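Here are some worked exercises to go through with the structure open beside you. Try each task before you read its solution.

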Amino acid sequence: MKACAYRVAQEGLTNVWRHSQGSAAELSLGLTDGVLQVSVKDRGPGFAVNPKGGAGDDGHGLGLAGLVDRVESLGGELEMRNRPGGGAELHMRLDLREVG
């Protein structure tokens, strides 16, 4: 669970550095009523049409597809969306009461 939250933050910030053309990143973490939320936002060009597809954008590693599998294996959700006005957001929700 801890490694999952760390990897979401790490991959999100790495993607901001690689793909957002130098835009600022915003990382937020929260725990409310047993639900852990991790969010990484930027003001770059946003995601391609299908951000969940295939390996990392550079053809190496697991990238976002690997994160989806990791989060879902713990019963969580990982959303990747373009932000209104530009940029991308990676958002994880994990109910810690459900994680064994």
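## The sheet

Four strands make an open sheet in the order 1-2-4-3, with antiparallel pairing. Strands and helices here are DSSP runs (E, at least two residues, for strands; H or I, at least four, for helices), numbered from the N terminus, and two strands pair if DSSP finds at least two bridges between them. This is a predicted model, in which local features need pLDDT of at least 70 and side-chain atom pairs count only at pLDDT 80 or more, while totals for chains, interfaces and linings use all residues. Residues are numbered from 1 along each chain as its sequence is written, and side-chain values use heavy atoms, with hydrogens and water left out.

**Exercise 1. Place the helices in the chain and describe how helix 1 and helix 2 cross.**

Step 1. Read from the N terminus, the elements run α-β-β-α-β-β.

Step 2. Helix 1 (residues 2-19) and helix 2 (residues 63-73) have axes that come within 10 Å and cross at roughly 160 degrees. Axes are lines fitted to C-alpha atoms, for helices over the stretch in contact, and angles run from 0 to 180 degrees between N-to-C directions.

Step 3. That makes helix 1 roughly antiparallel to helix 2 (angles over 145 degrees count as roughly antiparallel).

Step 4. For the contact (heavy atoms within 4.5 Å), helix 1 supplies Ala3, Cys4, Arg7, Val8, Glu11 and Asn15, and helix 2 supplies Gly63, Leu64, Leu67, Arg70 and Val71.

Step 5. Just after helix 2, glycine 75 takes a positive phi of about 85 degrees.

**Exercise 2. Find what the buried residues of helix 2 pack against.**

Step 1. List them: Gly63, Leu64, Gly66, Leu67, Val68 and Val71 are the buried residues of helix 2. Buried means under 20% relative accessible area (1.4 Å probe, protein chains only).

Step 2. Their packing partners are helix 1, strand 3 and strand 4.

Step 3. For the whole protein, 36% of the 100 residues are buried.

**Exercise 3. Compare the surroundings of valine 8 and asparagine 15.**

Step 1. Leaving out residues up to four places away in sequence, valine 8 touches Val38, Val40, Leu67, Val71, Leu78, Leu90 and Met92. With that exclusion, asparagine 15 touches Ser20 and Leu64.

Step 2. Check one distance: the C-alpha atoms of valine 8 and leucine 78 are separated by 8.9 Å, although these residues are 70 residues apart along the chain.

Conventions. Angles under 35 degrees count as roughly parallel, over 145 as roughly antiparallel, 65 to 115 as roughly perpendicular and the rest as oblique. Buried means under 20% relative accessible area, exposed over 50%, partly exposed in between (1.4 Å probe, protein chains only).
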